[in-house]
Amino acid sequence: FDIFKVNDDANTKLVVVGEKMWWNNEIKVTYEKMKYQQDVVFTGRLTPDILKNVIGSAIALTYVSYFEGFGIPIVEAFRTGIPVITSSVTSMPEIAGDAALLVDPFNPQQIAEAMKKLATDKKLCELLVEKGKLRCQLFSWDKTAENLWKSVEKIMNDKNIS
């Protein structure tokens, strides 16, 4: 965020949503050394209604996790109509497809460059939002339940379980 803020004329804030579950001394020291820490807002856990409004009012979702089992925040951002920056590792590329900017989560410069692109390139944002609207149609709880049930039926049929 500090790298991005150096050339940010729009007074952009970094809003960090959720509990500080992985907050450790290294993260604390890094935060305390930030030049633009006054522009970082920690919200803690939010109710779904408030979360929807916070996500929907964002310039973008920057979700650069090192490891993720699925990536629900990516789909939530697609549904709220904001562009996404996410990791190029684990499940994120599969979830995001071509509807997000993919970055190396270990490369702060690359993350900052993606943030700058979305803060300054309205056409790119519009393109990613449109792609995100299409992409999120692939994911729903109903489809998840249906696929889970098909897996159970397949296992039962393969093992001749009644």
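Student: Where does S65 lie?

Tutor: S65 sits in the loop between strand 3 (61-63) and helix 4 (72-80). Helices (H or I, at least four residues) and strands (E, at least two) are DSSP runs, numbered from the N terminus. This is a predicted model, where local features need pLDDT of at least 70, side-chain atom pairs count only at pLDDT 80 or more, and totals for chains, interfaces and linings use all residues. Residues are numbered from 1 along each chain as its sequence is written, and side-chain values use heavy atoms, with hydrogens and water left out.

Student: Why does S65 count as buried?

Tutor: Buried means under 20% relative accessible area, exposed over 50%, and partly exposed in between (1.4 Å probe, protein chains only). S65 has 17% relative accessibility, so S65 counts as buried.

Student: What is S65 in contact with, leaving aside its neighbours within four places in sequence?

Tutor: S87, V89, M92 and P105. Contact means heavy atoms within 4.5 Å.

Student: Which backbone oxygen lies 2.6 Å from a polar atom of the S65 side chain?

Tutor: That of F67. A polar contact is a pair of N or O atoms within 3.5 Å; within protein, one must be able to donate a hydrogen and the other to accept it, and residues adjacent in sequence count only if both atoms are side-chain atoms.

Student: What makes Y66 and F106 a stacked aromatic pair?

Tutor: Start with the rule. Rings of Phe, Tyr and Trp (its six-membered ring) pair if their centres lie within 6.5 Å; planes under 30 degrees apart count as stacked, over 60 as edge-to-face and the rest as tilted. By this rule the count comes to six aromatic pairs. In one of them, Y66 and F106 have centres 4.3 Å apart and planes at 15°, and the pair is stacked.

Student: Why does this pair tie together parts that are 40 residues apart in sequence?

Tutor: Y66 lies in the loop between strand 3 and helix 4, and F106 in the loop between strand 5 (101-103) and helix 6 (108-120), so the pair joins parts 40 residues apart in sequence.

Student: Are Y66 and F106 buried or exposed?

Tutor: Y66 and F106 are both exposed.

Student: Which residues do ring pairs link into a cluster?

Tutor: W23, Y31 and F42.

Student: What pattern does the protein follow along the sequence?

Tutor: The pattern is α-β-α-β-α-β-α-β-α-β-α-α-α, with eight helices and five strands. Buried residues make up 28% of the 162 residues.
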